[in-house]
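Subject: Structure handover

Hello,

I am passing this structure on to you. Please look it over first, then read the notes below it.

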Amino acid sequence: MSPRQSPAFRAAGPDLGDGNPGGWGVQAAPDMRTASALIGACLERCAPCQQALAAKLLAEDPIVLAVTAGSVYSLLAADETDAGSLASEAAHVFFRTLKSSPPGDGRSVLRCVETLDPENRSDLLEDALNLWTFFGHKHPGLMRSQTTGHKSTSPFTFSVPGSEPEDADPGTVLDLSGLAHPARYGVRADMTLTGSGRVASVALVPDPESPEAGYDDLHQRLAWEPYLPEGLPEEDPSWVLKVHETNGTLLGIVRLLDATLVPDKPREWRPDAYDVILWSASEPKPVSAAWLECARDRGSALLYGPLDLTPAAPLAPSRLLAVHARCAFTDRL
């Protein structure tokens, strides 16, 4: 497989859509982005990705695990009478609950997951992911919303998220949504004068419709440090600003997964294994020639925020945070 496909970190499984949230006794569909990314990591056998995403999923609302397991065990239930001899006790209990539930009704399944202790939830997730890997490789149409001959009784449907690049592996789609940061930002490329001279910089502008975005998010969730006027923090290799290698447009801002898995071995960090995607360009984000030249020469850029672009808002450096990120010139996020 070519390096461009390096799918362990870009591939994801099905988007578990919101076919009938009421079937689970909830008003709105749960956020299944982590589950989608985790299934993709399993299909591509990326152990570090699975470890990080599985821990993230198990910390989320129990309905996420219920949908993840229920959707795939619904496929097994079409042909099998039990969860299999190698399945955990938690998986057997879950499967029996699913088999006895009316088609399209996930309420009992959700209650089953809610009663499991953390260890049993982990066992259930592991078994469900093994099934997803089996069905995903045997029936790749599951990843592309094609019929497979299996009739699912899950109240959630299989659908394809986003567009599909031509060089995508037949069993997967490229979907980074499972790693998307919950807070939404826009960006503004500019130049900042520091004690080390002028540097290329990017300001994070909170989306007014994203209440999670702002100072607390950057400081507490992402551990950015206070901005020092005319100062330039030491470069943090865990943060990467992706820039298109040909046209120089900004592609996105990411934090590398290996920075949390093997923090003391930055030379071993993989460039396309992400822990967080803080921002990604929905359309080409051009920069000036001077900005691009500075970023190429230095190989890094100063990221800072949150920047309030409201005309009447005063610039308060004391309310700004920053990180000195590495620039990576590539052809895609």
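The notes below go through the nonpolar cores, the cysteines, the salt bridges and some backbone details.

Please keep in mind that this is a predicted model.

Nonpolar cores

The largest nonpolar core has 46 residues. Within this core, the residues that touch the most other members are Leu 38, Val 72, Tyr 73, Phe 94 and Leu 124. H3 supplies the largest share, eleven residues.

Leaving aside residues up to four places away in sequence, Val 72 touches Ala 128, Leu 131, Trp 132 and Phe 135.

Cysteines

How many disulfides does the structure hold? The count is zero. A disulfide is a covalent bond between the sulfur atoms of two cysteines. For Cys 294, the closest cysteine sulfur is that of Cys 327, at 8.9 Å, which is too far for a bond. The cut-off used here is 2.5 Å between the two sulfur atoms. Seen from Cys 327, the closest cysteine sulfur is in turn the one in Cys 294. Both residues are buried: Cys 294 has a relative accessible area of 15%, and Cys 327 has one of 8%.

Salt bridges

The structure holds four salt bridges. Three of them are described here, one at a time.

Glu 89 pairs with Arg 96, with 3.7 Å between the closest N and O atoms. Glu 89 is exposed, at a relative accessible area of 51%.

Asp 207 and Arg 184 form another salt bridge, with an N to O distance of 3.4 Å. Asp 207 sits in the loop between strand S6 (197-206) and helix H7 (215-221), while Arg 184 sits in the loop between strand S4 (173-174) and strand S5 (185-194), so this pair ties together parts that are 23 residues apart in sequence. Asp 207 is partly exposed, with 25% relative accessibility, and Arg 184 is partly exposed as well, with 39%.

Arg 221 forms a salt bridge with Asp 217, and here the closest N and O atoms are 2.8 Å apart. Both residues belong to helix H7 and are four residues apart, so about one helical turn separates them.

Backbone details

Two places in the backbone are worth a look in the viewer. Where is the cis peptide bond? This bond joins Gly 305 and Pro 306, and omega is about 0°. Pro 306 lies in the loop between strand S11 (300-305) and strand S12 (321-330).

The other place is Ala 223, which has a positive phi of about 60° although it is not a glycine. Ala 223 is in the loop between H7 and strand S7 (225-226). With 52% relative accessibility, Ala 223 counts as exposed.

Regards

Definitions and conventions:
Residues numbered from 1 in each chain as written. Predicted model: local features only at pLDDT ≥ 70, side-chain atom pairs only at ≥ 80, totals over all residues. Heavy atoms only, no water. Core = buried A, V, L, I, M, F, W, Y, C linked by side-chain atoms within 4.5 Å. Buried < 20%, exposed > 50% of the residue type's maximum accessible area, 1.4 Å probe, protein only. Helix = DSSP H or I, 4+ residues; strand = E, 2+ residues; numbered from the N terminus. Contact = heavy atoms within 4.5 Å. Salt bridge = Lys/Arg side-chain N within 4 Å of Asp/Glu carboxyl O.
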